[in-house]
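Thanks, everyone. Please have a look at the model.

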Amino acid sequence: GATTYHDFRRLLDQKDLDAVVVGTPDHTHAIVSVMAMRAGRHVYCEKPLTRTVSETRIVTDTARTSKRVTQIGTQIHAGANYRRVVELVKSGAIGAVQEVHVWVAGGRGGLELPVGKEEMPASLHYDLWLGPVPEVPYHSAFVPRNWRDWWMFAGGTLGDFGCHYMDLPYWALDLKYPTTVASEGPPPHPYSTAPWQVVQYEFPRRGPLPPVNLTWYHGGKHPEQLSPEHYQKYKSGVLFVGAKGRLLASYGSHVLLPEEDFKDFVRPEPFLPDSIGHHREWVMACLGRGRTTCAFDYSGPLTETALLGNVAHRVGQKLVWDAKKLKATNCPAA
């Protein structure tokens, strides 16, 4: 019995809607989210929050001024495993952390623009699907499922998984905006995303917490500190390097290293309450019962950080980042 629309603007015209879930491709996240919040609707938006850094800041600011309930689609945040990892880091189990490595298997992009024409499916309203993107001829290399390979629609592997895996160190180490960003990868392509990258982020001191160097890897790259045995088990994961040990984690498991050093370790009593469910958090908060854990004031800076890695790759230069001014002070091309 649900009403369906081809045009999300007509959806927002429906007067009895309280909240909107944005599950479109990345290039229309910002347009839909901002219009929904300005229309008074609460918003749940899939990750990454937007396609570009400036869009992310606009969405984050709009959420703040509209006072809407928001949540990003990093549903792993609600799992018990992430909570136990955060508790270990925050309680000092491995000592002060100044180094983190985040990697994911696989890589998207590295393609050339398709040539030739293809017949558009009769069911596709392609002009509405493109939204704010300048017109490009329809091709199955873009839609329905391969839009993540192209800068005009998405941010490749870093845009896809950065918010999921960097969420864990962001939460555990109270990170916000980096001060520098540098990317190593293949020569940047004007249209297609990077099939592999190694991105170095530097974060400043946060109160008593020391500065942090965070390194991102995808496309078969991974940290040298990871043993072959652990890499076989953790094809994607996060490695915290602390003054007293290391902590290796994935979506569903974690281990303190070296294991023999922690065989008698007594874990802290859990102090982060279990989630009622990532989606349910948002629904209940929309009803005025509780708060979300990944509102846009948290997930906005997280998304900006991921996307800055793509900016550094595309300009081919280390960025000195002024988050307040939303500028790379050393690189106008950024």
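Start with the lining of the largest pocket: 13 of its residues are nonpolar, seven are polar and three are charged. Keep in mind that this is a predicted model.

How much space lies in that largest pocket? About 530 Å³. Its lining counts 23 residues. Nearest the centre are H6, D7, F8, T24 and L128. Where does the lining come from? Helix α1 (8-12), strand β1 (19-22), helix α2 (29-38) and helix α5 (126-130) each give at least two residues to it.

Now the second largest pocket. This one holds about 390 Å³ of space. Here 17 residues form the lining, with T70, R291, T292, A295 and D297 nearest the centre. Two or more lining residues come from each of α3 (53-66) and α10. By class, the lining of the second largest pocket has seven nonpolar, five polar and five charged residues.

That brings us to α10 again, this time for its packing. Helix α10 spans residues 296-315, and its partner α6 spans residues 156-165. The two axes lie 9 Å apart, at an angle of about 150°. Angles over 145 degrees count as roughly antiparallel, so α6 is roughly antiparallel to α10. The crossing of the pair is right-handed.

Which residues meet? From α6, L158, G159, G162 and C163; from α10, L302, T303, A306, G309 and N310. This contact of α6 with α10 has four nonpolar residues, five polar ones and no charged ones.

That's it from me. Over to you.

Terms used: Residues are numbered from 1 along each chain as its sequence is written. This is a predicted model: local features need pLDDT of at least 70, side-chain atom pairs count only at pLDDT 80 or more; totals for chains, interfaces and linings use all residues. Side-chain values use heavy atoms; hydrogens and water are left out. Axes are lines fitted to C-alpha atoms, for helices over the stretch in contact, and angles run from 0 to 180 degrees between N-to-C directions. Helices (H or I, at least four residues) and strands (E, at least two) are DSSP runs, numbered from the N terminus. Angles under 35 degrees count as roughly parallel, over 145 as roughly antiparallel, 65 to 115 as roughly perpendicular and the rest as oblique. A crossing is left-handed if the near helix is turned anticlockwise from the far one by less than a right angle, and right-handed if clockwise. Contact means heavy atoms within 4.5 Å. Ala, Val, Leu, Ile, Met, Phe, Trp, Tyr, Cys and Pro count as nonpolar, Asp, Glu, Lys and Arg as charged, and the others, Gly among them, as polar. On a 1 Å grid over the protein atoms alone, a cavity is a set of points where a 1.4 Å probe fits but cannot get out, and a pocket is an open set with protein on both sides within 12 Å along at least five of seven lines; lining residues have an atom within 4 Å of a point. Grid points are joined across faces, edges and corners, and a volume is the space filled by probe spheres set on the points.
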